[in-house]
Amino acid sequence: MPSASDMRIGIVVCEWNSQITTPLLEATTATLRQYGAKPEHIVVRTVPGSFELIFAANKMVKSGLVDGVIAIGCIVRGDTPHFDFIAQGCTNGLAQLNATGNIPVIFGVLTTNTFEQAEERAGGRLGNKGEEYAQTAIKMIDYARSYER
């Protein structure tokens, strides 16, 4: 695993389903620090919901102040097609940023059928996906930098 000691990492996290996104954020930042990221180099911003992650991540990418962005959200299927529209829009928007930008954008949005499935992935029996988000960001920033040398 590369060192994150000289990496500046932006995190955008949605407030919606904060019972899930807060533990994901905590695990993400703890893992970044575990691999050497300095607390002052971890920039965290909040947005109301997962769809707004696209705008916020785009602003972070364009700011030039970070080497990578992690977008953290949680979308739980409900009784209406709202889930499908938000999940697809969020996925497409973040994928476009990742494909067209100069720094990596990590997709940290849980899309689950039930709230219990989300809890299982945010510190429950399946661990905490926030750890994976942080590790992926570090690896992808290191990868992006390999093209700058």
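## An exposed tyrosine

Y147 is exposed, at a relative accessible area of 62%; exposed means over 50%, buried under 20% and partly exposed in between (1.4 Å probe, protein chains only). The model is predicted: local features need pLDDT of at least 70, side-chain atom pairs count only at pLDDT 80 or more, and totals for chains, interfaces and linings use all residues. Residues are numbered from 1 along each chain as its sequence is written, and side-chain values use heavy atoms, with hydrogens and water left out.

## The aromatic pair

The count of aromatic pairs is 1. Y143 and Y147 make an edge-to-face pair, 5.4 Å centre to centre with 65° between the planes. Rings of Phe, Tyr and Trp (its six-membered ring) pair if their centres lie within 6.5 Å; planes under 30 degrees apart are stacked, over 60 edge-to-face, and the rest tilted. Y143 is partly exposed, with a relative accessible area of 46%.

## M140 and helix 5

M140 lies in helix 5 (residues 129-145); helices (H or I, at least four residues) are DSSP runs numbered from the N terminus. M140 is partly exposed, at a relative accessible area of 34%.

## Helix 3

The buried residues of helix 3 are F83, I86, A87, C90, G93, L94 and L97. Viewed down the axis of helix 3, its buried residues fall within an arc of 145°, so they line one face of the helix; the arc is that of the directions from the helix axis to the C-beta atoms. The exposed residues F85, Q96, A99 and T100 are on the face of helix 3 turned away from its buried side.

Methods
Helix = DSSP H or I, 4+ residues; strand = E, 2+ residues; numbered from the N terminus.
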